[in-house]
Amino acid sequence: MATKTFGDDIFFATISELSAKLHAKEFSAVELTRAFGDRLEALGPRFNALACSLKSSAIRTAKDLDGDIKRDRWRPLQGIPFAVKDLLAVKGNPTTWGAKPYAGQVFNEDATVVKKLEKAGGVLIGKLAMVELAGGPSYRYASASLTGPGLNPWDRTRWTGGSSSGSGAAVAAGLAAFTIGSETSGSILTPSAYCGVTGLRPTYGLVSRHGAMALSWTMDKLGPMCRSAEDCGLVLQAIAGADPEDPGSAGKSFYFAPQFRRAAKDIIVGFAPADFDEWPEAAARDAFQKAFETVKAEGYQLREVKLPAFPYGAITSTVVAAEAASIFEELITSGKVDELADKRQIANLKAGMDISAKDYLKAMRLRTQIQAEFRLLFADVDVLIAPSRYNVATPVRDPLDKSPFGDRPTPQRAGLNGLIPAGNLAGLPAISVPCGFANNLPVAMQFCSRPFSENIIIGMAAAYQKQTDWHRRRPTLS
């Protein structure tokens, strides 16, 4: 039987577009799965994005789904090929957490997110590379990974962003219809921005983390990285929900309801002007200003705001380092921590063992104050808008502590530049959408809102994507 040949358009299609073609029987789930599986195996290593191919088992799953399709039995993600970050357990397959000490690790149960996606009809075609131990508590080089540095499909001399490096690259290069990443402090939004894809960080507790590596019990979140905001909504609906196996579960579900989107005139958007004309690198300012003008044209109520004044970076570092030291205590005390690739990460994991209970509890008390201040802020606005990152993807060999401002002075006017750590400390949802290019590399902006308001920010992102085609752009892959 001849293998069906697909044009590139299929690999960059949205979930809804692929589903429509499956409904129309333009191709089978097996044919689609084999095509994506082949592409992931062929191109994944080019970007250091592939941790483990699951093509063989995926094709078996797809055969069963084709049987359901013949009987006109449909599920929300029926026949859609996806891949997950390698911190999620997949029964009987390696789950390395991107780190040499865990290279032979195998679990006998699927993560809850994997189970839910397969129950919704999704087809798991592979596991994706990541920064070792999801980057915690910090690392200095993009090479901090068992598979090597994540290479950006737009320019392989540039980084994908971490720690969901493979998840970002796989969507950008059309290696999977969607992927699952994780975020503790920026690991969904950053690779989404650098790779020019749409990524959603859900509210803390909305998506179960059972079967996922823990880095920080009180901050870890799992979320979708997709071709569009609408895709993020479809995937989030499948993976959200209560799970007694996750002590941090909020016990809430999510129903994607674009038909009930609030009118723009009823939504108050908070912003800081400096975010669009001063904080971004010079080459990116025009793209951000045009993106902001497009948002304004929708008719939202706009209000200038400032973030509550807290040392967000220091608080995040203390919480993550202390919790990571507890989680990886055996790795540290056994000496196997020295097998990690990044010297700074090794040193910081060890240093986390010395964080006192007093300092950890002080950070957590400040975190409670941050959450209270954001409740007050969101009494006056519905959504915050800002660049996801002020710079384009960094050169892959540069140290990550290199100043993004280079020789130029740090901006004096306040922006929302602490929104990623602040949003993670407060457990807020955010979505990053591509909004242009600078130096031929993608830039992106984020919409962030109060807990469990994902429909609002997805709706705003989808409205923006109806007016622009940045999410439709794709890199040239020779």
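Which residues form one aromatic cluster? Phe-6, Phe-11, Phe-27 and Phe-36 form it, and this cluster opens the close-up views below. The model is predicted, so that local features require pLDDT of at least 70 and side-chain atom pairs count only at pLDDT 80 or more, whereas totals for chains, interfaces and linings use all residues. Residues are numbered from 1 along each chain as its sequence is written, and side-chain values use heavy atoms, with hydrogens and water left out.

**View 1. An aromatic cluster comprises Phe-6, Phe-11, Phe-27 and Phe-36.** The whole structure holds 16 aromatic pairs (rings of Phe, Tyr and Trp, the last by its six-membered ring, with centres within 6.5 Å; planes under 30 degrees apart are stacked, over 60 edge-to-face and the rest tilted). Phe-11 and Phe-36 are an edge-to-face pair, because their ring centres are 5.1 Å apart and their planes stand at 85°. Phe-11 belongs to helix H1 (residues 8–11) and Phe-36 to helix H3 (residues 29–43), so the pair ties together parts that are 25 residues apart in sequence (helices, H or I of at least four residues, and strands, E of at least two, are DSSP runs numbered from the N terminus). Phe-11 counts as buried at 7% relative accessibility, and Phe-36 is buried at 0% (buried is under 20% relative accessible area, exposed over 50% and partly exposed in between, with a 1.4 Å probe and protein chains only).

**View 2. Trp-97 and Tyr-102 form a tilted aromatic pair.** The distance is 4.7 Å centre to centre, with 45° between the planes. Both residues, Trp-97 and Tyr-102, are buried.

**View 3. Lysine side chains lie over the faces of Phe-6 and Phe-452.** Lys-4 is placed 5.8 Å from the ring centre of Phe-6, and Lys-252 is 5.1 Å from that of Phe-452. A charge sits over a ring if NZ of Lys or CZ of Arg is within 6 Å of the ring centre and within 35 degrees of the ring normal.

**View 4. Asp-68 forms salt bridges with Arg-71 and Arg-75.** A salt bridge places a side-chain nitrogen of Lys or Arg within 4 Å of a carboxyl oxygen of Asp or Glu; by this rule the count is 24. The N to O distance is 3.4 Å for Arg-71 and Asp-68, and the closest N and O atoms of Asp-68 and Arg-75 are also 3.4 Å apart. Asp-68 is buried at 15% relative accessibility, whereas Arg-71 is partly exposed at 48% and Arg-75 is partly exposed at 31%.

**View 5. A salt bridge joins Glu-183 and Arg-201.** The closest N and O atoms are 3.0 Å apart. Glu-183 lies in strand E6 (residues 178–183) and Arg-201 in strand E7 (residues 198–201), so this pair ties together parts that are 18 residues apart in sequence. Glu-183 and Arg-201 are both buried.

**View 6. Buried residues of helix H11 pack against helices H12, H13, H14 and H15.** The buried residues of H11 include Tyr-312, Ile-315, Thr-316 and Val-319. Their packing partners are H12 (329–334), H13 (343–352), H14 (357–380) and H15 (419–426), where contact means heavy atoms within 4.5 Å.
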